[in-house]
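Subject: Structure handover

Hello,

Here is the structure I said I would pass on. My notes follow below it.

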Amino acid sequence: MEENYDHLSAEARENLLIMLVALSRSDGDMHLRELKYLQLATLQLGFDVSKLEEIMKQNTAEKALPTEEKDRMTALYYLLFLAVEDDHLNAEEEDFIYHFGFKLGFNESMLRDMLALFKKTRYPKNPDELLNIIRKYLN
């Protein structure tokens, strides 16, 4: 099911895609599943795959981070799921998620708990596991 991110500005959606490309490159090895994830994310964010190709050719820096809580959480989810797409969450990817997680306004403890969950299980089987972490820190 595709989500509609029309409420995000084109700049914010592009920035999320830029962050995802940067994360996929952070460990120096882009897995085929990571590329497929990027292509799907590109479409979900309302872009043509040519936008992904453009961003991948350039070494574009992020522009504007989302400010609304839902949008910041969406960005974090995309980053977390991409990080485990190749079945391995390594130190470079963790550092990247901490870096952007802080920039998105999340605290270290929440990021650490979310990363621990994704290390334990590639995709949390129960959505409540993620929601419980979020509730713990955002209430």
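I start with the lining of the largest cavity, which by class has five nonpolar, one polar and one charged residues. Please keep in mind that this is a predicted model.

The cavity

The residues that line the largest cavity are Leu 8, Ala 12, Leu 16, Pro 66, Asp 71, Thr 74 and Ala 75. Asp counts as charged, so Asp 71 is the charged residue of this lining. Helix 4 gives the most to the lining, with three residues, and helix 1 and helix 4 each supply at least two. The space in this largest cavity is about 40 Å³. A search of the whole structure finds one cavity of 30 Å³ or more.

Helix 5

Helix 5 covers residues 91–103, which makes 13 residues. From its first C-alpha to its last, helix 5 reaches 18 Å, close to the 18 Å expected at 1.5 Å a residue.

Just after the helix, Gly 105 takes a positive phi of about 95 degrees.

The buried residues of helix 5 are Glu 93, Glu 94, Phe 96, Ile 97, Tyr 98, Phe 100 and Gly 101. Which helices do these buried residues pack against? Their partners are helix 1 (10–25), helix 2 (32–44), helix 4 (69–83) and helix 6 (108–120).

Two single residues

Gln 44 is placed in helix 2. Is Gln 44 buried or exposed? Its relative accessibility is 17%, and because the cut-off for buried is under 20%, Gln 44 counts as buried. The side chain of Gln 44 makes a polar contact with the side chain of Tyr 78, at 2.7 Å.

Ile 55 is found in helix 3, which spans residues 49–57. With a relative accessible area of 3%, Ile 55 falls under the 20% cut-off and is therefore buried. How far apart are Ile 55 and Glu 14 in sequence and in space? In sequence, 41 residues separate Ile 55 and Glu 14, while in space the two are 8.9 Å apart, C-alpha to C-alpha.

Regards

Technical notes:
Residues are numbered from 1 along each chain as its sequence is written. This is a predicted model: local features need pLDDT of at least 70, side-chain atom pairs count only at pLDDT 80 or more; totals for chains, interfaces and linings use all residues. Side-chain values use heavy atoms; hydrogens and water are left out. Helices (H or I, at least four residues) and strands (E, at least two) are DSSP runs, numbered from the N terminus. The expected span of a helix is 1.5 Å times one less than its number of residues. Buried means under 20% relative accessible area, exposed over 50%, partly exposed in between (1.4 Å probe, protein chains only). Contact means heavy atoms within 4.5 Å. On a 1 Å grid over the protein atoms alone, a cavity is a set of points where a 1.4 Å probe fits but cannot get out, and a pocket is an open set with protein on both sides within 12 Å along at least five of seven lines; lining residues have an atom within 4 Å of a point. Grid points are joined across faces, edges and corners, and a volume is the space filled by probe spheres set on the points. A polar contact is a pair of N or O atoms within 3.5 Å; within protein, one must be able to donate a hydrogen and the other to accept it, and residues adjacent in sequence count only if both atoms are side-chain atoms.
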